[in-house]
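Work through the exercises below with the sequence and the coordinates open. Each task is followed by a solution in steps.

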Amino acid sequence: MKPPRVNTIPKAFLLGAILLLTAGQCLLAQVSDAALWTSVNIEKKINQRIAIGLSNEFRFNENMSELGTIYNDLGVSYRFNKNLRVSLNYRFINKRLLDDSYSQRHRFYVDLTGKKKFSPVECIVRLRFQQQYKDMYVSEDGLTPAFYFRPKLSLKYVEFNKLEPFVSYEAFFPLWSGSPDIPDEHRFSAGIDCNFDRRNSIEIFATYNLEFGKRLKQDDFIAGIGYSFSF
């Protein structure tokens, strides 16, 4: 009798994880801050193709001791098929400043997400185009939007029962800003999706977030957890 098959993580997935995390570690000069990101995400399916999503996120910085940023998201998505979808989203942001006041931002973005399974690994590509206004009607340039292109590549191992480890890399390209067409922020992540059933899931992750476009480079280590409910 043959022994039961045991799922093991393939070498290709391990190699991708090592490359992504090693690249993030090489770029990381020092950890300037430790942060905690928490979120709750709700999705209502209107039909097989259309869904409405609502998300609230709280990001704690200063070694996880201070509520630094609050995100409120509302969006609608359309699924062309099981591998391709597009979403339109609005995000309202309250970001804490050094004087403990809050700066308000309005962000509009479009996501195009495609995925392809190369068993047992699933490759996910997300292309995001965003437009953001900072301190509208308060600052002199409040009505001048900032544009970004944010491609993201994720590799997810999908053969474990209800547990899906993943690694990802995201780059932030400023558009029409007069600066060179190189990313000014990099985000390397690794984590695991825990799918309890078809409606409830939790994502646990760790991230290196590296900003290079500012006078003072900001290097953050982030721990995160998010709960998602779909119905």
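The exercises cover the fold, the surface and the salt bridges.

The model is predicted, so local features need pLDDT of at least 70, side-chain atom pairs count only at pLDDT 80 or more, and totals for chains, interfaces and linings use all residues. Residues are numbered from 1 along each chain as its sequence is written, and side-chain values use heavy atoms, with hydrogens and water left out.

**Exercise 1.** List the secondary structure elements and state how the strands are arranged.

Solution. 
- Step 1: Take helices (H or I, at least four residues) and strands (E, at least two) as DSSP runs, numbered from the N terminus.
- Step 2: The chain has 1 helix and 11 strands, in the order α-β-β-β-β-β-β-β-β-β-β-β from the N terminus.
- Step 3: Pair two strands if DSSP finds at least two bridges between them.
- Step 4: The 11 strands form a closed barrel, β1-β2-β3-β4-β5-β6-β7-β8-β9-β10-β11, with mixed pairing.
- Step 5: Strand β1 (residues 33-45) and strand β11 (residues 218-230) run parallel and are joined by 11 bridges. V40 has Y227 in β11 as its bridge partner.

**Exercise 2.** Determine what share of the chain is buried.

Solution. 
- Step 1: Call a residue buried under 20% relative accessible area, exposed over 50%, and partly exposed in between (1.4 Å probe, protein chains only).
- Step 2: Of the 231 residues in the chain, 35% are buried.

**Exercise 3.** Find salt bridges that connect separate strands, and classify the burial of their residues.

Solution. 
- Step 1: Require a side-chain nitrogen of Lys or Arg within 4 Å of a carboxyl oxygen of Asp or Glu.
- Step 2: E66 is in strand β3 (residues 66-81) and R96 in strand β4 (residues 84-96), so the bridge ties together parts 30 residues apart in sequence. E66 is partly exposed at 22% relative accessibility, and R96 is partly exposed at 26%.
- Step 3: E170 and R126 meet at 2.8 Å, N to O. E170 lies in strand β8 (residues 163-175) and R126 in strand β6 (residues 121-134), 44 residues apart. Both E170 and R126 are buried.
- Step 4: D193 bridges to K156, the closest N and O atoms being 2.8 Å apart. D193 belongs to strand β9 (residues 185-195) and K156 to strand β7 (residues 146-157), so this pair ties together parts 37 residues apart in sequence. D193 is buried at 10% relative accessibility, and K156 is buried at 14%.
- Step 5: Shared partners join E66, R96 and D100 into one salt-bridge network.
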